[in-house]
Amino acid sequence: MKITGINHNSGGGQFQGITQRIPQLSISTAGDLHNQYRYLRFAKYYEALDDDIYPQNKFIRSENFSFLERIPQYLKDFFVENFKNLTNFPNINKVSEKINNEFVANVLHAANNDVEVLMAGYDPVCSVGLKHALPGSDIDKAYIILGKKPDVYKSDNSVIADYKGALWDNVDQRILSLNNKDTFPEVYTFNRMYYILDRLDSMTRYMGLDKNIDYFKEKRLYDINPVTAGEFNIMFAKMNDEREFSKVFVKNFSYFIESVRDGKIAYKANDGIEKLVYSRLSRSPFVQMSNVTQMGAHERQINTGMKDIKKKLRARESLNDEFNSWSENLKFDFVKDLVKSVSKDQSPRFNKYFQNDDNIGERYDRLNILLV
């Protein structure tokens with residue numbers, strides 16, 4: 001969900017979500033081009049999270065991408081080859097593996113003297129999980145569980161904000177984007193996660209909703225319509241008087257805990273922590289009935305052939321052969337769009353590789369409105 005509480009740069013100013021301008025270099029050599037493109041590894045030069053609040057972001061990003069139009073003809077092939085070497089494109093299987101590895105490496109790199117990473121993962125049926133990702137893809141419904149080290153007395157909010165800031169600053173956005181709305185990993189400490197589960201379970205029992213646990217567990221197996229699948233969560237929201245947790249908080253935590261429950265594990269500190277977490281989730285009536293993501297049902301339907309993967313993902317399966325048969329200029333044009341796709345600024349020219357079958361956000365908005 002939305003990233004908050006992050007300080008950027010030496011000035012220590014609070015995160016504002018306004019895109020920073022890239023210095024535009026003169027490009028006449030391969031070295032010039034390499035130095036220019038290297039700026040785009042950093043999140044601050046995209047800032048696509050808050051476009052609705054700061055419409056100037058789109059114009060600044062357009063300026064930042066303008067160097068792509070100044071690349072001379074004799075360096076276009078070099079740029080394409082450099083892009084391929086960096087990202088493993090056009091092999092979408094290897095691209096997906098590269099993104100996974102970037103995620104894990106930076107999850108661990110962002111740790112500090114206050115915290116260690118216990119578990120991390122993401123949606124198994126997102127493009128990365130299905131091994132159909134393009135360079136600069138985001139990872140859907142990613143989660144990270146941190147353990148506070150002994151004798152650390154900072155608040156959980158403080159250590160999480162520091163951790164998120166390090167993650168934001170260090171991920172190479174050209175490989176893995178953390179720069180789209182609602183795709184930044186949800187981060188909780190182990191103890192905070194357990195505390196919230198205890199309270200939500202207590203509320204669930206007090207509301208009497210645990211009496212329907214078998215019914216709601218069954219719905220998790222097959223229902224992929226957000227509104228009908230989220231029936232338990234909607235009932236919980238209606239009965240939540242918000243004295244303990246706000247409806248918005250419970251909604252967001254539901255997305256997080258379902259990722260832990262049903263997601264692909266990308267990293268775990270050891271087998272013991274995995275068993276401990278899953279044992280706790282299996283005893284939680286809230287977790288067993290929550291179904292805002294339909295992650296498990298989607299994975300089950302895809303794995304059993306009941307549902308096909310998205311059309312854009314299917315189209316990417318032939319990209320390796322198609323791309324290698326294209327002219328130098330067409331390859332360059334597509335790579336330009338891949339560079340811009342990190343912040344969803346690509347042209348419509350290659351839409352079949354980028355455009356979803358339907359408006360996924362609109363479908364989930366209908367559920368989210370009912371949850372808050």
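**Loops, helices and packing**

E242 counts as partly exposed, at 41% relative accessibility (partly exposed falls between buried, under 20% relative accessible area, and exposed, over 50%, using a 1.4 Å probe and protein chains only). This is a predicted model, so local features need pLDDT of at least 70 and side-chain atom pairs count only at pLDDT 80 or more, while totals for chains, interfaces and linings use all residues. Residues are numbered from 1 along each chain as its sequence is written, and side-chain values use heavy atoms, with hydrogens and water left out.

- E242 sits in the loop between α9 and α10 (helices are DSSP runs of H or I with at least four residues, strands are E runs of at least two, and numbering goes from the N terminus).
- Phi of E242 is positive, about 65°, although E242 is not a glycine.
- N88 also has a positive phi, near 75°, and is a residue other than glycine.
- You'll find N88 in the loop between α3 and α4, where it counts as partly exposed at 29% relative accessibility.
- P90 lies in the loop between α3 and α4 as well, and the peptide bond leading from F89 to P90 is cis, with omega near 10°.

**Two buried glycines**

- G230 belongs to the loop between α8 and α9 and is buried, with a relative accessible area of 0%.
- Setting aside neighbours within four places in sequence, G230 touches N225, N291 and L367 (contact means heavy atoms within 4.5 Å).
- Between G230 and N291 there are 5.1 Å from C-alpha to C-alpha, although the two are 61 residues apart in sequence.
- G165 has its place in helix α5, residues 156–170, and counts as buried at 7% relative accessibility.

**Helix α1 on helix α3**

- Two packed helices are described by the angle between their axes and the distance between the axes.
- Helix α1 (residues 30–38) and helix α3 (residues 73–87) have axes that come within 11 Å and cross at roughly 45° (axes are lines fitted to C-alpha atoms, for helices over the stretch in contact, and angles run from 0 to 180 degrees between N-to-C directions).
- That angle makes α1 oblique to α3 (under 35 degrees counts as roughly parallel, over 145 as roughly antiparallel, 65 to 115 as roughly perpendicular, and the rest as oblique).
- On the α1 side the contact uses A30, L33, H34 and Y37, and on the α3 side L75, F78, F79, N82, F83 and L86.
- By class, the residues in this contact of α1 with α3 are eight nonpolar, two polar and no charged (Ala, Val, Leu, Ile, Met, Phe, Trp, Tyr, Cys and Pro count as nonpolar, Asp, Glu, Lys and Arg as charged, and the others, Gly among them, as polar).

**Helix α9 and its surroundings**

- Within helix α9 (residues 231–239), the residues F232, N233, I234, F236 and A237 are buried.
- Those buried residues pack against α6 (190–207), α7 (213–222), α8 (226–229), α10, α12 (285–289) and α17.
- The axes of α7 and α9 come within 10 Å and cross at roughly 130°, so α7 and α9 are oblique to each other.
- Y215, F216 and K219 of α7 meet E231, F232 and M235 of α9 in this contact.
- The residues of the α7 contact with α9 divide into four nonpolar, no polar and two charged.

- Helix α10 (residues 247–262) has 16 residues and reaches 22 Å from first C-alpha to last, close to the 22 Å expected at 1.5 Å a residue (the expected span is 1.5 Å times one less than the number of residues).
- Of the 16 residues in α10, 13 are buried, so α10 is largely enclosed by the rest of the structure.
- Helix α17 (residues 360–371) packs on α10 at an angle of about 135°, with the axes 9 Å apart, and the two are therefore oblique to each other.
- What makes that contact? K247, K251 and Y255 come from α10, and Y364, L367, N368 and L371 from α17.
- The classes in the contact of α10 with α17 are four nonpolar, one polar and two charged residues.
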